[in-house]
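Trainee: I have a model open and would like to go through it with you. Can we take it piece by piece?

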Amino acid sequence: MDIKQNICPKCGGPSEAGLCNICKAKELSWVTYDKRVQCIHCPTCGSLKQQNTWTDCHLEREKLIEEIALNAIHIHEDVCAISIVFRSYDPSPNRTSVNVNIQGKLYGVLVEEDCRILILWSKEQCDRCSRYSGGYYAGTIQLRADGRKPDEFEKDRALAIAHRHEEEVQEMGERLSFITEVQENKDGVDIIISSHNLGEAISKSITKELGGKITRHPKLAGEKDGKTIYRMTYLVRLPRYQKGDVFEEKDRYYEIRGIDSNLIKYFDLQDAGIKNTKDEPKGRFIGNVRDSESAFISYITGDTAGILDPKTYETKECIIYPWIEAVEGESVRFLRDNEKERIVFIG
Ligand SMILES: [Zn+2]
Ligand SMILES: [Zn+2]
């Protein structure tokens, strides 16, 4: 027998020094927890309020309950191989009782404890929802166009850009940046936003994609906590013409293929020639290639193509230029010049 072997003063069992592992594990209160925890959540969007700060909550109810219960429990750092089982039920509409069974190993001894935690739910409208429902706004983006109205495509793109930015800033935690309202009007679209950041970012992205210029008009809107509050109008004026616009001038048709700062790239729809110039398009606007139709080519003889008009189902004979690689039995894109009753192939 090893004479150095010690005895546990508590149970008399073998021990290396002082209390044996079993008694040490029994003595230690290795788990503590709060019996009642309050959870304030927004009934509209589900955000959670913690220490006066609201945050978005992306958890399912079940997971949220587990998360809240876990936050209320403190386990001693010497416990390892922890496994936790949750069981919960709602004794009343604003109460959830969670039973948490915790098992682990402490000094090589298996330990187990049941904790009962009561979650008290309370509802409060969050900072964002109260601003939102109050119609709060910091500015307006006015989408307009030079000498015309923004078309459906441009309006759709502008709104898609606006919503993409809203999502991005929300994900980054800028809770109070959102789109308050979108108003269509006879001149274009107004996008009402709740923060200057968002107004700035959206206007810049719109002009980056669709061209045009931004002018900003601040307006005083009072004072709050000694700070001047102002609202901003971002006037986004899209250019008079767009990429893909087709014009007729002196019986020739050309398409705008690009606008780079103030250099415009014209594509000649007769001979496929390209011209870069600062000259603004002259002539008559026919349409945009985005709105082109597609016709079936029945036959080709020389420079003439017989196409089936998709609207009237009549065969029409039209001049087709060599650069358009037309093939019998395939289709070709075109715009209609209604004034001259012509078909304009765009390849
Ligand atoms: Zn002992
Ligand atoms: Zn909310």
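Trainee: How much space lies in the largest pocket?

Mentor: Ground rules first: this is a predicted model, where local features need pLDDT of at least 70, side-chain atom pairs count only at pLDDT 80 or more, and totals for chains, interfaces and linings use all residues. Residues are numbered from 1 along each chain as its sequence is written, and side-chain values use heavy atoms, with hydrogens and water left out. A pocket here is an open set of points, on a 1 Å grid over the protein atoms alone, where a 1.4 Å probe fits, with protein on both sides within 12 Å along at least five of seven lines. Taking the volume as the space filled by probe spheres set on the points, joined across faces, edges and corners, the largest pocket comes to about 620 Å³.

Trainee: Which element gives the largest share of the lining of the largest pocket?

Mentor: Lining residues have an atom within 4 Å of a point, and there are 24 of them, with Leu 210, Gly 211, Gly 212, Pro 239 and Ile 259 lying nearest the centre. Elements giving two or more residues are α4 (152-171), α5 (196-210) and β15 (227-238); helices (H or I, at least four residues) and strands (E, at least two) are DSSP runs numbered from the N terminus. The largest share, 4 residues, comes from α5.

Trainee: How many charged residues does that lining have?

Mentor: Sort by class: Ala, Val, Leu, Ile, Met, Phe, Trp, Tyr, Cys and Pro count as nonpolar, Asp, Glu, Lys and Arg as charged, and the others, Gly among them, as polar. The lining then has 7 nonpolar and 6 polar residues, and the charged count is 11.

Trainee: Is Ser 205 buried or exposed?

Mentor: Ser 205 lies in helix α5, and its C-alpha is 7.0 Å from that of Ile 161, 44 residues apart in sequence. The cut-offs are under 20% relative accessible area for buried, over 50% for exposed, and partly exposed in between (1.4 Å probe, protein chains only). At 17%, Ser 205 counts as buried.

Trainee: Which residue does Arg 157 form a salt bridge with?

Mentor: A salt bridge needs a side-chain nitrogen of Lys or Arg within 4 Å of a carboxyl oxygen of Asp or Glu, and the count by this rule is 31. For Arg 157 the closest N and O atoms are 2.6 Å apart, and the partner is Glu 209.

Trainee: Why does that pair tie together separate parts of the sequence?

Mentor: Arg 157 is partly exposed at 27%, and Glu 209 is partly exposed too, at 39%. Arg 157 sits in helix α4 and Glu 209 in helix α5, so the parts they tie together are separated in sequence by 52 residues.

Trainee: How far apart in sequence are the parts tied together by Lys 340 and Glu 248?

Mentor: Their salt bridge has its closest N and O atoms 2.7 Å apart, and both belong to a network that also includes Asp 251, Arg 284, Asp 337, Glu 339 and Arg 342. Glu 248 is buried at 7%, whereas Lys 340 is partly exposed at 34%. Lys 340 is in the loop between β24 (331-337) and β25 (342-345) and Glu 248 in strand β16 (residues 245-249), so the separation is 92 residues.

Terms used
Chains are lettered from A and ligands numbered from 1 in the order in which they are written.
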